[in-house]
Amino acid sequence: MNTHPQHIAIIMDGNGRWAKKRLMPRTVGHARGAANVRQIVKAAHAVGLRYLTLFAFSSENWRRPPDEVSALMGLFLQYLESEVAEMKAAGIRLRVIGDRSAFAPLLQSRIDQAERDTAHNTGLNLTIAANYGGQWDVLTAVRAWQAAQPDRSLQELDPAALAKHLSTADLPDPELLIRTGGESRISNFLLWQTAYTELYFTDLHWPDFDDAALAKALQWYGQRVRRFGRTDEQVQHSSAAEHSPTPNLVIQKGIKIG
Ligand code: IPE
Ligand code: IPE
Ligand code: MG
């Protein structure tokens with residue numbers, strides 16, 4: 001039985017279909033989705049979660065119709081303008097990850113300001129992934145590692161060194177990833193950071209994902225056995241098994257196959 005995770009990441013999918021089902025424009029779904037962010041942030045805070053990371057806009061979402069992209073940018077700006085005061089009061093620290101250089105200057109400055117205004121908060125760490133792509137994150141990290149030490153060979157780069165240059169360098173990896181909207185894929189979200197994350201998929205559309213749905217996901221997480229490559233027996237007896245290959249391991253021969 002796992003304890004509560006300290007970091008949950010969510011792919012907030014299904015806004016468009018939520019609206020379509022109700023014969024409403026997709027933008028209405030996005031607005032309801034934004035309102036739900038508020039609700040889930042509150043719920044996360046209430047259960048004592050330390051880190052919540054939300055996928056709001058992928059690096060591929062620019063491919064959507066310009067009207068929809070423009071509405072999403074507007075909602076993001078409005079969210080920042082209306083929520084930061086409350087975040088400050090609630091002790092929430094906001095971070096935005098992704099390539100923000102593609103955003104309008106006003107949006108960029110609101111993001112910078114929101115991060116500055118909440119930088120000293122020590123409660124829930126809320127991270128919004130906007131114009132984020134997992135492949136971009138890894139590539140950017142490799143380039144940053146190389147730029148920071150131009151004399152070293154890439155052969156010296158290891159996972160821990162790379163992780164220090166990811167956009168999530170200050171966050172632990174998520175123990176639980178939730179995707180709403182019924183699809184079972186990662187869609188270029190946290191590729192590196194989810195290597196051992198428990199993946200939870202629900203058919204609920206994001207505007208319908210409420211406190212009870214979050215509680216259900218947490219309960220599901222509580223029942224997972226996290227092996228990290230070990231066997232069940234090792235996990236049960238919490239043996240301090242080697243993490244890396246055993247040197248001088250004897251190879252057993254003569255095992256009958258089939
Ligand atoms: C998620 O909802 C929000 C964003 C990707 C910005 P969608 O807009 O993808 O909703 P569906 O998948 O079309 O229903
Ligand atoms: C993933 O949803 C991105 C966000 C939720 C922000 P998409 O709706 O863009 O994913 P695909 O295109 O169906 O994989
Ligand atoms: Mg979608």
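Modeller: The shell around ligand 2 divides into 5 nonpolar, 2 polar and 4 charged residues, where Ala, Val, Leu, Ile, Met, Phe, Trp, Tyr, Cys and Pro count as nonpolar, Asp, Glu, Lys and Arg as charged, and the others, Gly among them, as polar. This is a predicted model, in which local features need pLDDT of at least 70 and side-chain atom pairs count only at pLDDT 80 or more, while totals for chains, interfaces and linings use all residues. Side-chain values use heavy atoms, without hydrogens and water, residues are numbered from 1 along each chain as its sequence is written, and chains are lettered from A and ligands numbered from 1 in the order in which they are written.

By name, the residues around ligand 2 are Ile11, Met12, Asp13, Phe55, Ala56, Phe57, Asn61, Arg64, Arg179, Arg185 and Ser187, each with a heavy atom within 4 Å of the ligand. Strand S2 (residues 51–58) provides the largest share of this shell, 3 residues; strands (E, at least two residues) and helices (H or I, at least four) are DSSP runs, numbered from the N terminus.

A polar side-chain atom of Asn61 lies 2.9 Å from a ligand oxygen, an N or O atom in the side chain of Arg64 is 3.1 Å from one, and for a polar side-chain atom of Arg179 the distance is 3.3 Å. Of the 380 Å² of accessible area that ligand 2 has on its own, the protein covers 78%, by the Shrake-Rupley method with a 1.4 Å probe. The space that ligand 2 takes is the largest pocket, a pocket being, on a 1 Å grid over the protein atoms alone, an open set of points with protein on both sides within 12 Å along at least five of seven lines, and a molecule sits in it if more than half of its atoms lie within 2 Å of its grid points.

Ligand 1 belongs in this picture too, for its space is likewise the largest pocket. Ligand 1 is surrounded by 13 residues, the closest being Asp13, Gly16, Arg17, Arg26 and Arg64, and by class its shell has 3 nonpolar, 5 polar and 5 charged residues. Helix H1 gives the most to that shell, with 3 residues. Oxygen atoms of ligand 1 are 2.8 Å from an N or O atom in the side chain of Asp13, 3.1 Å from a polar backbone atom of Asn15 and 2.9 Å from an N or O atom in the side chain of Arg26. The protein covers 87% of the 380 Å² of accessible area that ligand 1 has on its own.

Note on methods
Polar contact = N/O pair within 3.5 Å; in protein donor to acceptor, adjacent residues only side chain to side chain. 1 Å grid on protein atoms, 1.4 Å probe; cavity = no way out; pocket = protein on both sides within 12 Å on 5 of 7 lines; lining within 4 Å.
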